[in-house]
Amino acid sequence: MKIDLKNHAPFLHVTDNSNECDASSIFVSTKLNATYEQSARDHGCTKIISSKECLDVLAITNAIKIIGITGTNGKTTTAAAIYSILLDLGKKAGLQGTRGCFINDHRIEDKSLTTPPILQTIHNLKLAVEAGCEYFVMEVSSHAIVQNRIDGLPFALKILTNITQDHLDFHKTIDEYIAVKSRFFEDESLKLINKDESKIRFNRTNAMSYGIEHPATYKILAYSLKEGISAAVAKIDKVYDFESPLHGFFNLYNILAAISAVDMLGVAPMEAICEAVEHFGGVEGRMEVVSNDPLVIVDFAHTPDGMEKVLDSMKERDLVVVFGAGGDRDRTKRPKMGAMAERYAKKIVVTSDNPRSEDPQSIITEILTGMHPREHLHVEVDRHKAIEKALKLQGKNEVLLILGKGDETYQEIQGQKYPFDDREVVRELIAQWAKQK
Ligand SMILES: CC(=O)N[C@H]1[C@@H](OP(=O)(O)OP(=O)(O)OC[C@H]2O[C@@H](n3ccc(=O)[nH]c3=O)[C@H](O)[C@@H]2O)O[C@H](CO)[C@@H](O)[C@@H]1O[C@H](C)C(=O)N[C@@H](C)C(=O)N[C@H](CCC(=O)O)C(=O)O
Ligand SMILES: Nc1ncnc2c1ncn2[C@@H]1O[C@H](COP(=O)(O)OP(=O)(O)OP(=O)(O)O)[C@@H](O)[C@H]1O
Ligand SMILES: N[C@H](CCC[C@H](N)C(=O)O)C(=O)O
Ligand SMILES: [Mg+2]
């Protein structure tokens, strides 16, 4: 990553890659590239700084309020909700995460990592400051915490969604995963913690909370999930009502976290925040209705807890579920995902997600170890064929849920990303069959 500099002669740019260095470079040393400092010097670099110093060099440090969101699920949804409320309230804001980077409702960077390397984030912060943004909302993945991709960032607010199972391929144990997430909350920053998430450890200085089942700073008093979400939230001794078109109990947490966060930032009165959140229509690929008749929903659930939350929110309906599991990811979650589908779905098609370097069939076999032979349990390794089979299986009044890839527009197989979009496949098949009628 290279960022050009003005008024810093003789230095013309900062970089985090020693191979890009020359006499005009400032090398930003990070946890991951410290071993390349000598290589940077060998390429002629004479100035090496930390990412914190880089924020000062680029005059970002006190210029923008950074909101960081971590947790196993809900980061993208909660971050997008906060961003939507800020824009709705007339504020200028940036958003960075799984879906890429946006500034004031314009995409400035395509999807890359949920949390990119620190210098890429600093670059996006610089663009946000130059665009007049007061706020920068960003997802903080557990990988980013371990690899310190957030080193030196002065967070104005840190938020926890939840801690369930994911990434055990990387963190090895759930205790290590919890320890990593807890590290993000060990300082005295202003923080907003999910009070119903008991596994987190955090520094209670400047800590506020949100919750549905336990006493919290922002506490849901009542809610209905009939048509979207309607709820009453108590902040200390005052009560505020809000509505959201989003579906499901899990999204009540995301919306509550977003409302609470914007209130903690002192952006506007709670009444205005609660009104603004109604205009947040959700994130593509998260409970996205692709077809109304037949009812087909695409969702990004790719962990046992994510699947449970989504399937439980639809449990009154007869469900047809298509899902797989990512290759080169946590293998222990696979049978649990199978068991979750078995618990809620009437008809199931197990298929491939992003097999990556693994054999797709072996991933499916591991999913099946968590399931029992039964009627309407189908296996189809080709995801396109699996969706086609599920659409044919879907009976009247049944709902088809296609899980795991959400708004992804590729399928990653053996290092290649082939164009693939669950939503396009559904639309094409339905249109093709409509013509044949
Ligand atoms: C497994 C993993 O996380 N790998 C990350 C790691 O790669 P790496 O350890 O190989 O690092 P590297 O490529 O050697 O580079 C490290 C640093 O040294 C520098 N370098 C390198 C070579 C050299 O000669 N000189 C030099 O200065 C590089 O410029 C870089 O700054 O450091 C890279 C640079 O920061 C990341 O891009 C890379 O993410 C890879 C692409 C990745 O796929 N990561 C995934 C697993 C990930 O992080 N996912 C999370 C979670 C998603 C979610 O579930 O939410 C995410 O945040 O997206
Ligand atoms: N608060 C929540 N609790 C549990 N599951 C959730 C919650 N919010 C969303 N989900 C489920 O998890 C999926 C991912 O949601 P989202 O993309 O907001 O999470 P994320 O934390 O950004 O995920 P990732 O780390 O993979 O980027 C959703 O499609 C939904 O199935
Ligand atoms: N469909 C993806 C979702 C995971 C994306 C992200 N959370 C990651 O782990 O890279 C997979 O399981 O392959
Ligand atoms: Mg995300």
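Threonine 98 and glutamate 139 are both buried, meaning under 20% relative accessible area, with exposed over 50% and partly exposed in between (1.4 Å probe, protein chains only). This is a predicted model, where local features need pLDDT of at least 70, side-chain atom pairs count only at pLDDT 80 or more, and totals for chains, interfaces and linings use all residues. Residues are numbered from 1 along each chain as its sequence is written, chains are lettered from A and ligands numbered from 1 in the order in which they are written, and side-chain values use heavy atoms, leaving out hydrogens and water.

Threonine 98 lies in the loop between strand 6 (93-97) and strand 7 (100-103) and glutamate 139 in strand 9 (residues 135-139), so the pair ties together parts 41 residues apart in sequence. Helices (H or I, at least four residues) and strands (E, at least two) are DSSP runs, numbered from the N terminus.

Let's turn to another loop. Asparagine 73 sits between strand 5 (65-70) and helix 3 (75-88), and glycine 74 is in the loop between strand 5 and helix 3. Asparagine 73 is buried, at a relative accessible area of 17%; glycine 74 is buried too, at 18%.
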